[in-house]
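Student: Hi! Could you walk me through a protein model today? I'm new to this.
Tutor: Happy to, here it is.

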Amino acid sequence: MRADPVRNSRKLKQLEKQMNSAANYDEWAEFAQAHDELSGQKRWRQVDQTSQYDYAQIRLRLDKLRSLRARHDHHGLLFTLNEGIHGNIDGIGRHSLYGRAKFGTKTLIEQYIDEVDDALRFLAELDSNEIDVQQKLDFFYRVNICYGRSALMLSGGGVLGFYHLGVVKTMLEQGLLPRVISGSSAGALVAGTLGTHTDTELEKFYDPANVMTEAEREASAFTRMFFGANAQIDVADLEKLIARMIPDLTLQEAYEKTGRQISISVAPAEQYKRYRLLNAITSPNVYVRAAVMASCAVPGVFPPVMLMAKNQHGERQPYLPTRKWVDGSIADDLPAAPAAAVFRQSLHCEHGESHRDSVPEK
């Protein structure tokens with residue numbers, strides 16, 4: 001029996017609505033897979049062939065990695081992984097491969113990525129008698145540099161920043177939240193919260209009653225700012241919101257507490273000054289609250305902010321006292337290149353056993 005195109009179209013739209021209103025990831029995944037089944041994208045995923053990546057080479061590499069592991073050829077496995085030690089090998093990182101199906105990409109690519117992941121874990125846990133410890137360390141250092149690390153970049157967006165909370169909640173539940181997180185403006189508020197709370201503390205934060213209460217408070221503040229005959233907001237409202245959500249810690253103290261490396265983007269209030277990405281590497285003694293306050297300081301709405309830092313005596317003092325800072329999204333809403341440069345340099349420092357504070361405070 002031939003499929004009814006009109007009925008299928010209605011069913012696809014219904015599934016899309018169900019995906020948009022899903023209460024959790026598992027529910028969303030169920031609707032997404034049903035959508036791929038009905039639209040024919042499931043079949044697309046199962047077929048290796050496409051001009052968008054070199055599927056023949058990926059198939060060869062996958063079979064070779066599986067064979068080497070099965071034969072316990074550990075040195076051969078290490079050599080083969082070294083040959084393809086970057087994330088976009090043979091085009092598998094092409095954006096179009098991840099925007100067609102609702103749930104996943106080509107099954108071959110997923111199998112290859114899983115096999116590389118399994119092989120890396122296998123080598124990491126392998127007895128040192130099989131592969132020299134120094135050889136392992138050198139290999140995994142190169143892996144860290146060449147494969148890179150995942151990062152979550154949270155943009156500005158005012159009250160729409162609450163969408164970030166849903167994304168983060170799902171990533172936490174699935175064990176996928178990266179340790180490197182950047183935030184600008186509203187995104188800085190969420191990044192600051194993540195960087196100063198442990199996973200256990202975040203579970204309490206994500207209690208529906210707590211999230212709803214905070215959402216209502218912030219929505220009320222934004223309503224006063226943008227709507228009504230006398231639209232205005234007191235900077236004290238923003239300060240109270242940040243104080244409620246973010247403990248009084250420096251960027252370095254936050255990193256030591258949670259292991260999350262957060263970066264807060266701030267823009268200079270003065271002309272001809274460069275914007276900054278504040279984190280535990282570039283500015284470890286800056287207070288997270290001050291960094292977030294500066295990144296949220298929308299010009300024309302909030303005054304520019306002077307950053308504050310903890311000195312060697314544990315006292316607060318101005319950080320770069322001749323400068324003030326504003327909304328980070330003005331300069332770079334998603335500072336991918338600066339973040340990559342900072343954390344690539346940090347890897348070199350760690351490998352060379354340099355001290356984390358290689359960039360001095362001024």
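Tutor: Let's start with a word we'll need: contact means heavy atoms within 4.5 Å. Among contacts in the chain between residues at least 6 apart in sequence, 72% join residues at least 24 apart.

Student: Where does this model come from?
Tutor: This is a predicted model, where local features need pLDDT of at least 70, side-chain atom pairs count only at pLDDT 80 or more, and totals for chains, interfaces and linings use all residues. Residues are numbered from 1 along each chain as its sequence is written, and side-chain values use heavy atoms, with hydrogens and water left out.

Student: How many helices and strands are in the chain?
Tutor: The chain has 16 helices and seven strands. Both are DSSP runs numbered from the N terminus: helices are H or I with at least four residues, strands are E with at least two.

Student: And what percentage of the residues count as buried?
Tutor: 40% of the 362 residues do. Buried means under 20% relative accessible area, exposed means over 50%, and partly exposed is in between (1.4 Å probe, protein chains only).

Student: OK, new topic: how many residues does the largest nonpolar core have?
Tutor: That core has 43 residues, and I181 and V292 have the most contacts inside it. A nonpolar core is a set of buried Ala, Val, Leu, Ile, Met, Phe, Trp, Tyr and Cys residues joined through side-chain atoms within 4.5 Å.

Student: Which elements give two or more residues to this core?
Tutor: Among them are β1 (151-154), α8 (162-173), α9 (186-195), β3 (261-268) and α14 (288-295). The largest share, six residues, comes from α14. There is also a second, separate core of 25 residues, which includes W44, L97, Y112 and V143.

Student: Going back to V292, what is it in contact with?
Tutor: Leaving aside its neighbours within four places in sequence, V292 is in contact with A188, L189, G192, I242, I246 and I264.

Student: How do α9 and α14 cross?
Tutor: Their axes come within 8 Å and cross at roughly 165 degrees. Axes here are lines fitted to C-alpha atoms, for helices over the stretch in contact, and angles run from 0 to 180 degrees between N-to-C directions. That makes α9 roughly antiparallel to α14; angles over 145 degrees count as roughly antiparallel, under 35 as roughly parallel, 65 to 115 as roughly perpendicular and the rest as oblique.

Student: Which residues meet there?
Tutor: A188, L189 and G192 in α9 meet V288, V292 and S295 in α14.

Student: Last topic: where does P299 lie?
Tutor: P299 is in the loop between α14 and β5 (308-310). With a relative accessible area of 43%, P299 is partly exposed. Leaving aside neighbours within four places in sequence, P299 is in contact with V326, D327 and I330. The C-alpha atoms of P299 and V326 are separated by 6.6 Å, and the two residues are 27 residues apart along the chain.

Student: And E270, where is that found?
Tutor: E270 is in the loop between β3 and β4 (276-278). E270 counts as partly exposed, at 30% relative accessibility. Setting aside neighbours within four places in sequence, E270 is in contact with T322, R323 and K324.
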